[in-house]
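Welcome, and please open the structure in your viewer. We will walk through it one selection at a time.

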Amino acid sequence: MSRRRIDCRAADAIWVRRASGEIPSQAESEALADHLRSCQRCRMLTAALETVRYEDGAPPVEPMDEVTSRRIVARAVAQAMALESEPLQDTGDIWDSRAGEEPRAPAARGLKGRGLLLAVAGAAGLAVIVVSNLVGHRGGGPRAVVEDRATRQEHFVALLSPRAARQDGHLVAAGNTLAAGREVQVSRGQLAVALGRGAVVEFGPATRAILRRPGPGLAEVQLLAGSAQVLVPPGRGLRVALNAGGARAVVVGTFFRMWLEGDCPKVAVLHGIVAVQARDGTRQVASGQLLDLCRGHMLAMGPERARDMGVAEDKLHLLATSRGTKLIVESIPSGAAVTLDGVFLGRTPVEALVSPGHRKLRVSLGGAATQEYLSLEPGSLERRSFVLEQVAPPSSAGSGHVSRGRTARPRTPRGKAPNPRDRAWAILLRQAQDLRRRHEWQKAARAYRAILRRFPGTRAAQVARVSLGYLELEHLGRPTAALRHFRAYLARGGGLAEEAAWGEIRCLRALGRGAEERRALVRFLARHPDSLRASTARKWLQELGARSSP
Amino acid sequence: MGRSEPTLQASTARHREDLRLARAASLGDEAAATKIAQRLLPRVRSTVRYLAGDGPDGADLVQDVLVEILRSLGAFEGRSSLETWADRITVRVAMKRLRRDRKRLSLEVHDVDALQALGPGADRQAQTAIVQARLATLLGQLTEQRRVAFVLHVVHGYTAPEIARMTGSPVNTVRDRIKHARRKLRELVASDPVLVPLLGGEP
């Protein structure tokens, strides 16, 4: 039997199906192989693509030279560590809702949830609800955002919160963690809380409830008053138990509502079947049914309630699956008003989870303002840093957005000097790195010098010294200035000591100070004998010896 | 495919180790951060090379990607391998930079002339290096989205659904991008005066 002949397009189609994880049939594989044998173009392409395939652990064909790779790793680690290791007081305004005490520094370092984390659902309508709550909320009260991944199972995260939700007497904002085992009170509006694995519980107005996590794969809600509706996606391995008035419903994949009228629990089920354990036995409530446990009545829930629950289910589903963009906005000086599409987000530094899309970001302080159009992608992190140069005098008023939301308890009083805790050096460091990448050497040097001037003694200043040294040496033609920076770095020491020492040698070489260069080379070889630059150092040392010998 | 399939046990052990390392690094352990950076550097460089070129800007970009990865380690939950997680960050950072510096960042591979100077007698490794360098240049002629999808597939062996998840695009769109990228690249390779003799073609 003759084999099927295929052209390039058909071969592409098979190839793309393979790329999609599908397994071609035997005949298709044979046809593809035949085509590759006969078609020079496809054969060449296949051979070319073979060369670019990457295998972890396999040696690259054209390896990066070790000096470069070591340098990249050392710099990346130094930068990342410098950016992470800010002083403890930088995070002093983080509030741990578990403690319920005064704001304090977080227990663990490296926590990502700095500042206020705000959840805005994907739908525009929901966004309005949350942000409008947010404006009032930021004026005061606790801002709980600590998310300790190691103990995450003990906490629940509020997805959507009214201004009137509290735990331990503190306001609960969207994005806050709720401690397990403590009472949550909602006086009006709805509080939606993530239970994990896509499950969400929403408490209605006038509700008191306690959330617990008795074991892995089980979340428990104790309803003390009011109503709760629960969305549990099927097949995710999570059981949710809802207890109210002596009745208990355990579900694995459904959407249902349970509420208390006085002490009498009622259950309405939109999807699936919910088995409710009551004092007098177990009752099953099917889709579209409503059970009154006190009277023992089973009723049809009626079209109006069904429609209402359908809308609620959509909303919770949206909340559970929405992938926001984490937006971090910083500025020098801090305390600038940040608005996104005209909605006030807070004062810098601001950290918010916002809905993705094309948005207009505006940052203003006093008379200075700047704006930028952002393209926010779901699930991504966007960080923006601004330097507001023309800061108005202390008497000047803030922007309209600011005064509207923050007259009660402004976080940074107007006209107050920039807060040194606001990671300004991190912003400057990033700005300098950006400028260096754009080959704007003078501006980059100014930014590095600003770090040295304003934040002496920090790790950022140490990193900046080495970068500035190389900038002065390689691009600005100022080896004397560079030498000063390298020596200042070496006097304090740090992870970039080898780079700094090498920079010192190069400066001395550029300045023609042979005797000092020789001493520096000897020192370098003694301290970094395994350095990849050691062979060059020895060569230069020999050259110096030859030059000095008669 | 570019990735091996480890046994479940080995995979779990490695995940645990990755999580431990990531957590230590996110808490300020420089040794852990260095270990991760060293491990991911070749992979990041490989991706960046074909997405954004290999010049001095490429080296800067590799460094930036590593910084971003190290800074994000606190968010690594071990749901995927550290490499897969890092690839997502690499693509995001690289493409963001490409968009921002579209005019400045050129997809040039600077060493290709030097490699070509090795002549026809050059060994196989040198020839492969030339092919890679030329391909990196030709990939620059694809649209950004097609390049991302194609590079993730041919360099790292991700399937279309995996790429769709990484880039937030529909699977069929990714398939389409890969198909068009392949078609375009075939034409470019077939008309490239450097590649054709190296790949055994006849001009």
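Start by selecting chain A and colouring it by secondary structure: 14 helices and 25 strands make it up. Keep in mind that this is a predicted model. Chain A has 550 residues, and 50% of them count as buried. Its contacts reach along the sequence too: among those between residues at least 6 apart, 51% join residues at least 24 apart.

**Stop 1: two helices of chain A**

Select residues 441–454 of chain A, which form helix α9, and residues 459–474, which form helix α10. The axes of these two helices lie 9 Å apart, and the packing angle is about 150°. An angle over 145 degrees counts as roughly antiparallel, so that is the description for α9(A) and α10(A). Turn the view to look at how they cross: α9(A) passes α10(A) in a left-handed crossing.

Now show the side chains between them. On the α9(A) side, the contact includes W441(A), Y448(A) and L452(A). From α10(A), look for residues including A464(A), L468(A) and L471(A). Which classes of residue make up this contact of α9(A) with α10(A)? There are 11 nonpolar residues, one polar and three charged.

**Stop 2: where chain A meets chain B**

Next, select helix α3 of chain A, residues 40–52, together with α9(B). Their axes come within 9 Å and cross at roughly 100°. Angles from 65 to 115 degrees count as roughly perpendicular, and α3(A) and α9(B) are therefore described that way. Show the side chains here as well: M44(A), L45(A) and L49(A) are among the α3(A) residues that meet α9(B), whose own set includes L185(B), V189(B) and A190(B). In this contact of α3(A) with α9(B), seven residues are nonpolar, one is polar and four are charged.

**Stop 3: salt bridges**

Over all chains, the count comes to 29 salt bridges. Begin with E220(A) and R248(A), whose side chains meet with an N to O distance of 3.3 Å. Is E220(A) buried or exposed? With 14% relative accessibility, E220(A) counts as buried, whereas R248(A), at 25%, is partly exposed.

Move on to E543(A) and R509(A), a salt bridge in which the closest N and O atoms are 3.1 Å apart. This one links two helices, with E543(A) in α14 (residues 534–548) and R509(A) in α12 (residues 497–511), 34 residues apart. Both ends are partly exposed: E543(A) has 29% relative accessibility, and R509(A) has 28%.

Now switch to chain B and select R134(B) and D192(B), which form a salt bridge at 2.7 Å, N to O. R134(B) sits in helix α6 (residues 124–139), while D192(B) lies in the loop between α9 (171–190) and α10 (195–198), 58 residues apart. R134(B) counts as buried at 18% relative accessibility, and D192(B) is buried too, at 4%.

How values were computed. Residues numbered from 1 in each chain as written. Chains lettered and ligands numbered in written order. Predicted model: local features only at pLDDT ≥ 70, side-chain atom pairs only at ≥ 80, totals over all residues. Heavy atoms only, no water. Salt bridge = Lys/Arg side-chain N within 4 Å of Asp/Glu carboxyl O. Buried < 20%, exposed > 50% of the residue type's maximum accessible area, 1.4 Å probe, protein only. Helix = DSSP H or I, 4+ residues; strand = E, 2+ residues; numbered from the N terminus. Axes fitted to C-alpha atoms, helices over the stretch in contact; angles between N-to-C directions. Parallel < 35°, antiparallel > 145°, perpendicular 65-115°, else oblique. Left-handed = near helix turned anticlockwise from the far one by under 90°. Contact = heavy atoms within 4.5 Å. Nonpolar A, V, L, I, M, F, W, Y, C, P; charged D, E, K, R; others polar.
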